[in-house]
Amino acid sequence: MENKKKFGYVSIIGVTNVGKTTLLNQLVKSKVGIISPKPQTTRNRIAGIKTYEDAQIVFIDHPGYHIPKFNLNKEMQKKALKGFKEVDLVILVLDCTKKIGPLDMEMLNNLKNLKTKKFILLNKIDLIKKEEILPLIKEISEILKETEIFPISALKGTNLDKLEEEIKKSMPLGEFMFDENKWTTQSEKFYISEIIREKILNLTKDEVPHSIAVEIEKIEEIKERNLMKIFGFIWVEKDSQKPIIIGKNGSMIKEIGKRAREELELLFGCKIYLEIYVKVKEKWRENLNLIKQISEDF
Ligand code: GDP
Ligand code: MG
């Protein structure tokens with residue numbers, strides 16, 4: 001059966017007080033369940049996760065992009081924009097009761113050169129008259145041509161259904177990465193392993209069975225360096241699968257690592273160091289028996 005599930009990442013940006021948090025709370029509240037990732041100091045960029053029957057959306061927080069001082073230097077801008085390339089959709093929230101300020105303008109201009117899909121939200125429409133929105137829409141569409149603009153009220157929930165539909169439509173096909181009932185340190189390991197497993201399966205096509213397992217053994221955080229070290233194993237069933245995963249001169253495992261790292265850096269908002277070994281399961285089982293035998297001898 002064809003998989004029609006969608007999975008993707010969305011960034012919500014905008015200056016302070018435009019209603020980003022209000023919107024996020026509205027978007028992620030659902031009967032299915034909300035995940036509030038455990039509060040983490042520097043590295044967790046997941047602001048919220050919304051799971052529908054047919055789609056799962058991870059809202060990512062871009063630190064530095066919702067602070068009043070948007071005057072980032074060139075280097076910081078480049079970094080932030082790189083982050084936006086990795087998401088599937090960027091949502092810029094504006095307060096329609098206010099004139100477009102210099103910071104809003106800077107964001108709009110930055111988005112101009114960004115290839116990632118973007119939406120502009122004109123929030124707080126409950127506070128103004130309908131006819132007052134039109135000039136604002138005109139002004140924005142002159143800066144950002146062909147970008148969808150949604151007048152909404154995050155507080156009252158106006159037009160949010162339509163917005164949610166369009167967000168879902170913008171997401172690529174993909175398996176859910178998060179189980180809405182579980183968010184613990186243990187699941188953090190699980191998510192990491194799932195991300196790596198997904199990269200393996202995508203890259204090796206049908207050459208390795210879906211039964212391959214990724215085990216994360218240890219996570220080390222080095223806060224001062226904004227670094228997360230991940231150690232683990234890829235378990236394959238047979239010796240013959242090992243060279244497929246490793247590839248010619250290690251090219252495959254390198255690519256798996258590179259892709260997994262990119263996604264993990266986006267999710268956790270820190271540098272990722274990944275050390276993964278490929279192991280054959282059968283041997284592991286044999287070893288286990290051996291260990292058992294030895295211990296029984298004693
Ligand atoms: P953030 O700084 O962008 O995260 O903004 P918040 O979500 O904290 O909202 C700032 C203020 O605007 C709060 O007092 C909200 O209640 C209010 N607010 C947000 N959305 C709306 C809206 O659609 N209509 C109205 N009237 N107020 C809103
Ligand atoms: Mg906020």
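This is a predicted model: local features need pLDDT of at least 70, side-chain atom pairs count only at pLDDT 80 or more; totals for chains, interfaces and linings use all residues.
Colleague: How many helices and strands does the protein chain have?

Modeller: Helices (H or I, at least four residues) and strands (E, at least two) are taken as DSSP runs and numbered from the N terminus. On that basis the secondary structure of the protein chain comes to 9 helices and 9 strands.

Colleague: What percentage of the residues in the protein chain is buried?

Modeller: Buried means under 20% relative accessible area, exposed over 50% and partly exposed in between, with a 1.4 Å probe and protein chains only. The accessible surface, from the Shrake-Rupley method with a 1.4 Å probe and, for residues, only the protein chains shown as cover, comes to about 16,900 Å² for the protein chain, and 53% of it belongs to carbon and sulfur atoms. Among the 298 residues of the protein chain, the buried share is 47%.

Colleague: Which residues have the most contacts inside the largest nonpolar core?

Modeller: A nonpolar core is a set of buried Ala, Val, Leu, Ile, Met, Phe, Trp, Tyr and Cys residues joined through side-chain atoms within 4.5 Å, and the largest one has 82 residues. With contact meaning heavy atoms within 4.5 Å, L23 is in contact with I12, V93, L121, I152, A154, L160 and L163, leaving aside its neighbours within four places in sequence. The residues with the most contacts inside the largest core are L23, I167 and I196.

Colleague: Which residues are the closest to ligand 1?

Modeller: A residue counts as near a molecule if one of its heavy atoms lies within 4 Å of it, and 15 residues surround ligand 1. Helix α1 (residues 20-28) gives the largest share of this shell, 3 residues. The closest residues are N17, K20, T21, T22 and D126.

Colleague: How many residues of the shell around ligand 1 are nonpolar, polar and charged?

Modeller: Here Ala, Val, Leu, Ile, Met, Phe, Trp, Tyr, Cys and Pro count as nonpolar, Asp, Glu, Lys and Arg as charged, and the others, Gly among them, as polar. The shell around ligand 1 then divides into 5 nonpolar, 7 polar and 3 charged.

Colleague: How far is an oxygen atom of ligand 1 from an N or O atom in the side chain of T22, and what percentage of the ligand's accessible area does the protein cover?

Modeller: A backbone N or O atom of G19 lies 3.0 Å from an oxygen atom of ligand 1, and a polar side-chain atom of N123 lies 3.1 Å from an oxygen atom of the ligand. For the side chain of T22, the distance from an N or O atom to an oxygen atom of ligand 1 is 2.6 Å. Of the 580 Å² of accessible area that ligand 1 has on its own, the protein covers 73%.

Colleague: Which side chain does a polar contact of 2.9 Å join to that of S153?

Modeller: S153 sits in the loop between β6 (148-151) and α5 (160-170), and S153 is buried because its relative accessible area is 1%. Not counting residues up to four places away in sequence, S153 touches N123, K124, I125, D126, T158 and L160. A polar contact is a pair of N or O atoms within 3.5 Å, where within protein one must be able to donate a hydrogen and the other to accept it, and residues adjacent in sequence count only if both atoms are side-chain atoms. The side chain joined to S153 by the 2.9 Å contact is that of D126.

Colleague: Why does E166 count as buried?

Modeller: E166 lies in helix α5 and touches F119, E148 and F150, not counting residues up to four places away in sequence. E166 counts as buried because its relative accessibility is 14%.

Colleague: Is E146 buried or exposed?

Modeller: E146 is found in the loop between α4 (130-143) and β6, and its phi is near 60°, a positive value in a residue other than glycine. With a relative accessible area of 87%, E146 is exposed.

How values were computed: Residues are numbered from 1 along each chain as its sequence is written. Chains are lettered from A and ligands numbered from 1 in the order in which they are written. Side-chain values use heavy atoms; hydrogens and water are left out.
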